[in-house]
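Subject: Structure handover

Hello,

Here is the structure you were going to take over. Please have it open while you read the notes below it.

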Amino acid sequence: MSHDYKHILIPVDGSQQSINAFKKAVQIAKRNDAILHLVTVVDKRNDPEEAASIERDKESLFKSLEAHASKENLTIEKDIKFGNAKKLIAEDLVKDWSIDLIIMGATGKGRIAKLVVGSITNHVTRHARCDVLIVK
């Protein structure tokens with residue numbers, strides 16, 4: 001059974017797995033003529049130092065991903081959100097942006113994320129009200 005996806009959410013944090021997820025999203029978006037929604041979620045409570053680093057580097061990260069997507073003639077929207085990544089990705093952004101597919105890496109960049117392997121990903125797969133594709 002085939003499903004057309006029109007709004008694809010890709011949480012990115014600069015990790016190799018999030019970049020791999022983005023590349024997979026580009027392939028799927030091309031087949032479906034979909035809009036890519038890139039988001040970086042910063043939770044200052046977990047690791048304030050890492051949050052500051054992400055805020056500083058977000059424009060360069062978005063810029064290179066946006067350049068890649070524009071070569072494929074894809075529409076890309078990007079944003080940075082502050083708060084609880086689990087809730088924002090699995091619930092709020094899905095509803096606010098009419099997301100029908102989330103594509104994300106199995107683990108993220110943060111030290112905490114590497115210790116609690118895939119805690120955000122695990123939460124999203126269990127609670128999102130749309131399809132979720134996990135990329136390694």
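What follows goes through the sheet, the helices on it, one serine and the salt bridges.

The model is predicted.

The sheet

Five strands make up an open sheet, and their order across it is E3-E2-E1-E4-E5, with parallel pairing. E3 and E5 (131–135) are the edge strands, each of them pairing on one side only. On average, neighbouring strands are turned by 20 degrees against each other, direction ignored.

Strand E2 (residues 35–42) has 7 of its 8 residues buried, which leaves it mostly covered. E2 is paired in the parallel sense with strand E1 (residues 7–11) over 5 bridges. From E1 the chain passes through H1 to reach E2, a β-α-β crossover that is right-handed. In this pairing, Pro 11 has Val 39 of E2 as its bridge partner. E2 is also joined by 7 bridges to strand E3 (residues 76–82), and these two run parallel as well.

Which residues of H3 are buried? They are Ala 85, Leu 88, Ile 89, Ala 90, Leu 93 and Val 94. The elements that cover these buried residues include E1, E2, E3, E4 and helix H5 (119–127).

At its start, a side-chain oxygen of Asn 84 comes to within 2.8 Å of the backbone nitrogen of Lys 86. Just after H3, Ser 98 has a positive phi of about 55 degrees.

Ser 18

Helix H1 (residues 16–32) contains Ser 18. Is Ser 18 buried or exposed? Its relative accessibility is 3%, so Ser 18 counts as buried, the cut-off being under 20%. With neighbours within four places in sequence left aside, Ser 18 is in contact with Ile 10, Pro 11, Val 12 and Asp 13. One of these contacts is polar: the side chains of Ser 18 and Asp 13 are 3.2 Å apart. Pro 11, also on that list, is the residue whose bridge partner in E2 is Val 39.

Salt bridges

There are 5 salt bridges in the structure. In general, side chains of opposite charge can pair when their charged atoms come close.

Lys 30 and Glu 72 form a salt bridge through their side chains, at 2.9 Å from N to O. This pair links distant parts of the chain, since Lys 30 lies in helix H1 and Glu 72 in the loop between helix H2 (48–71) and E3, 42 residues apart. Lys 30 is partly exposed because its relative accessibility is 46%; Glu 72, with a relative accessible area of 30%, is partly exposed too.

A salt bridge also joins the side chains of Glu 66 and Lys 78, with an N to O distance of 3.4 Å. Here helix H2 supplies Glu 66 and strand E3 supplies Lys 78, 12 residues apart, and the pair again links distant parts of the chain. Glu 66 has a relative accessible area of 28% and is therefore partly exposed. The value for Lys 78 is 37%, so this residue is partly exposed.

The side chains of Asp 92 and Lys 87 meet at 2.8 Å, N to O, in a salt bridge. Asp 92 is partly exposed at a relative accessible area of 25%, and Lys 87 is partly exposed at 39% relative accessibility. Both residues belong to a network of salt bridges that links Lys 87, Glu 91 and Asp 92.

Regards

Note on methods: Residues numbered from 1 in each chain as written. Predicted model: local features only at pLDDT ≥ 70, side-chain atom pairs only at ≥ 80, totals over all residues. Heavy atoms only, no water. Helix = DSSP H or I, 4+ residues; strand = E, 2+ residues; numbered from the N terminus. Buried < 20%, exposed > 50% of the residue type's maximum accessible area, 1.4 Å probe, protein only. Polar contact = N/O pair within 3.5 Å; in protein donor to acceptor, adjacent residues only side chain to side chain. Contact = heavy atoms within 4.5 Å. Pairing = 2+ DSSP bridges. Right-handed = clockwise from strand over helix to strand, strands pointing away. Salt bridge = Lys/Arg side-chain N within 4 Å of Asp/Glu carboxyl O. Axes fitted to C-alpha atoms, helices over the stretch in contact; angles between N-to-C directions.
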